[in-house]
Amino acid sequence: MYDLLIVDDHSHLVDSLERNMPWKTLGIGKIHKALSGEEALEYCKSYPVDIIITDIRMPGISGLELIEQVRKYDKRFKSILLSGYGEWEYAQEAIRQQVDGYLLKPADHEELADMLRRLTEALRLEWDERGRQAKAMNMLRQHMPLFREKLLVELLQGKKLPAALLEEKLAYYQLPFRPNDETALCLLRIESSAGELNWQDQSLLASAVVNIAEETFSDLFHVWHGRDPYEHEVFILKAREETWLAQEPQPERARQQSLEHLASKLQHHVRHFLRSGISVVVSGWQAMALGLRGTYRDSLSVFARHLGGETDLFIRLHEANVPEMPYRVHSLYESPTLLQLFEISRWEAISAKWNAVFLEVADKRMESRETLLELYYHAMSSFVFFAHKNGLRLLDLLPSEPGGSDDASRFRHMGQLQMWVERTLERLRESTKSEWNDEQAALIRKVRQFISDRLADATLQAAADHVGLHPAYLSALFKSKTGENVSDYVYRSRMQRAGELLVEQPGLPVSDVAAAIGYHKPQYFIKLFKEHYGLTPLEYRHQSS
């Protein structure tokens, strides 16, 4: 039920409207009255209403001025203006003020009732939409820690984001970090007896450690936490500007000493309160966007050297003997991986990834035999995966080589390997192209048939589930093959079926036509139908008969 305010300087007109309208059946719960614009404005400031019915011409504040003033602090109310004959200039101003209804006095009660039904339905739809938005925002708030952790893990694993996009994501996830901020990394390994704890106890212990860590660090540092795939707790730290650290003569030294002191204090708290141990690696400070992945990789290397050895370690990364390792071709392992790209046959992306790999090797001048072997076996692994996934034999697809050699020994330098990779990719792509095109055409037909059979409840997700594909992939495939999105196709099919029903079954109510194609709100269906055909459903039926 909605609240309504009637405003007119003639009290008998206000009382007459109050007495003679079927307010309850129109969805109006409370009627409020005001005999001037000033009185109405003061009332609305204290008691917001949903609908205002007001005379245009009143002493003092006019009806138009009233609506303009109320709209400054309440954008959601609906308004109906009442005016006498010969007041066209007021009607024009009413249009400018986006008034929701305009009636001539004396107001026809049936016409007013129809207008109120329309406005209460509009209010209901707006409240439903706000409810959905509130639910979505609440869901976003609930899942925000997961989004933050996912972004952190992606950055640790080497995902590259443009600085502007990274900054936008950090702001959207409400993280007080920016790409160029000086940050340090603290990596924790919980030294619990995993064999003695079930997964629930381990999860509780990890949560308790994280809570203590965030409380320990947060007085001096902003904290961004995530758990990596190896069950390490990762903390990215940034000094708070408002603390005493910024006032120190040597702020960099004070910042590092404070971080190490708090990390050591954290170890003590975990031993004392949780009766467990943790090992800690503390890094130095670097610009976040530049040093995050390397610092994390070095910290993992330090832990790996002590795996199964000492526990309760406290390690300063700059003092640790990080083992020298052969050059790792980073672009080869960055997401999306080759296996992920072969899974969905993204040929352009696969070629681009290999080009990036060989370019990185050339730039770093790491054309060693060991790097060549790394790339060769990685290529063979992805080629075998794709061939077997499509029910093919790899030996039937590989380009023939002089001498018949089928291992890495045939490649004397990186250029030969690159040419072989390019030829193999082209062979794989060509050998599966016709088969894949036929398969794609059959899949599109299957999706269209599903939509036709389930028009009332067809969605992208439902269609994707039906054919066993990810919705995003199905959407891209459908668009590339048909030139329109799945949702556009569903909408067009619904409008086409609606037109058929209107003509084939002239006695079928418009509300039943709407329900038959998946729209349970007739007014919304009528609006969409008119946008599509330029006619209302009844006009369309009349014109087609």
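Student: Which residue just after H17 takes a positive phi?

Tutor: Gly-483 does, with a phi of about 85°. Please note that this is a predicted model, in which local features need pLDDT of at least 70, side-chain atom pairs count only at pLDDT 80 or more, and totals for chains, interfaces and linings use all residues. Residues are numbered from 1 along each chain as its sequence is written, and side-chain values use heavy atoms, with hydrogens and water left out.

Student: How many residues does H17 have, and how far does it reach?

Tutor: Helix H17 covers residues 471-482, which is 12 residues, and reaches 16 Å from its first C-alpha to its last, close to the 16 Å expected at 1.5 Å a residue. The expected span is 1.5 Å times one less than the number of residues. Helices (H or I, at least four residues) and strands (E, at least two) are DSSP runs, numbered from the N terminus.

Student: Which residues of H17 are buried?

Tutor: Pro-471, Leu-474, Leu-477 and Phe-478 are buried. Buried means under 20% relative accessible area, exposed over 50%, and partly exposed in between, with a 1.4 Å probe and protein chains only. Seen down the axis of H17, these buried residues fall within an arc of 130°, so they line one face of the helix. The arc is that of the directions from the helix axis to the C-beta atoms.

Student: New topic: how many salt bridges are there in the whole structure?

Tutor: A search finds 26. A salt bridge is a side-chain nitrogen of Lys or Arg within 4 Å of a carboxyl oxygen of Asp or Glu. One of them joins Asp-8 and Lys-105, with the closest N and O atoms 3.4 Å apart.

Student: Where do Asp-8 and Lys-105 lie?

Tutor: Asp-8 is in the loop between strand S1 (2-7) and helix H1 (11-20), and Lys-105 is in the loop between strand S5 (101-104) and helix H5 (109-156), so the pair ties together parts that are 97 residues apart in sequence.

Student: Is Asp-8 buried or exposed?

Tutor: Asp-8 counts as buried, at 4% relative accessibility, whereas Lys-105 counts as partly exposed, at 22%.

Student: And which residue meets Glu-484 in a salt bridge?

Tutor: Arg-492 does, at 2.6 Å from N to O. Glu-484 is buried, because its relative accessible area is 15%, while Arg-492 is partly exposed at 35%.
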